[in-house]
Amino acid sequence: IMKKVKVLISGCACNRKFGELVENVVKENGLNAEISIIEDIMEVMQYNVMTFPAIVVDEKVVAKGKLSYEQVKELLSK
């Protein structure tokens with residue numbers, strides 16, 4: 001089953017880099033996940049998140065704030 005992963009970001013460059021990190025984790029580890037980077041504030045607000053970046057897996061917020069490569073890998077491998 002493919003996971004739907006959303007990375008919620010604010011417009012800053014560091015958050016964009018985090019989005020790339022999440023994409024790299026999925027590619028490099030062959031994880032079955034579809035990634036979307038969500039920057040639109042109206043869509044982000046639906047998740048009631050005030051800390052960025054945030055990771056949403058299958059519509060559930062699973063992480064807030066910056067994570068390392070290993071933390072993202074562990075989170076998405078579950």
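In which sense do strand E1 (residues 3–8) and strand E2 (residues 33–38) pair, and over how many bridges? The legends below start there. This is a predicted model: local features need pLDDT of at least 70, side-chain atom pairs count only at pLDDT 80 or more, and totals for chains, interfaces and linings use all residues. Residues are numbered from 1 along each chain as its sequence is written, and side-chain values use heavy atoms, with hydrogens and water left out.

**View 1. E1 pairs with E2.** The two strands are parallel and share six bridges. Strands (E, at least two residues) and helices (H or I, at least four) are DSSP runs, numbered from the N terminus. Two strands pair if DSSP finds at least two bridges between them. Val5 stands opposite Ile35 in E2. From E1 the chain crosses through H1 to E2, a right-handed β-α-β crossover (with the strands pointing away from the viewer, the path from the first strand over the helix to the second runs clockwise).

**View 2. The open sheet.** Four strands line up in the order E2-E1-E3-E4, with mixed pairing. E2 and strand E4 (60–64) are the edges; each has a single partner strand, so one side of each lacks a neighbour in the sheet. E1 and strand E3 (residues 54–57) run antiparallel, joined by four bridges. Here Val5 stands opposite Val57.

**View 3. H1 against H3.** The axes of helix H1 (residues 13–28) and helix H3 (residues 69–77) come within 10 Å and cross at roughly 55°. Axes are lines fitted to C-alpha atoms, for helices over the stretch in contact; angles run from 0 to 180 degrees between N-to-C directions. H1 and H3 are therefore oblique to each other (angles under 35 degrees count as roughly parallel, over 145 as roughly antiparallel, 65 to 115 as roughly perpendicular, the rest as oblique). H1 residues in the contact include Phe18, Leu21 and Val22. On H3 the contact is made by Tyr69, Val72, Lys73 and Leu76. Contact means heavy atoms within 4.5 Å.

**View 4. Helices over the sheet.** H1 lies across E1, E2 and E3, at about 175° to E2. H3 lies across E1, E3 and E4, at about 145° to E1.

**View 5. The loop between H2 and E3.** Pro53 sits in the loop between helix H2 (41–45) and E3. A cis peptide bond joins Phe52 to Pro53, with omega about -10°. Asn48 lies in the loop between H2 and E3. Its phi is positive, about 55°, although Asn48 is not a glycine. Most residues other than glycine have a negative phi, and most peptide bonds are trans.
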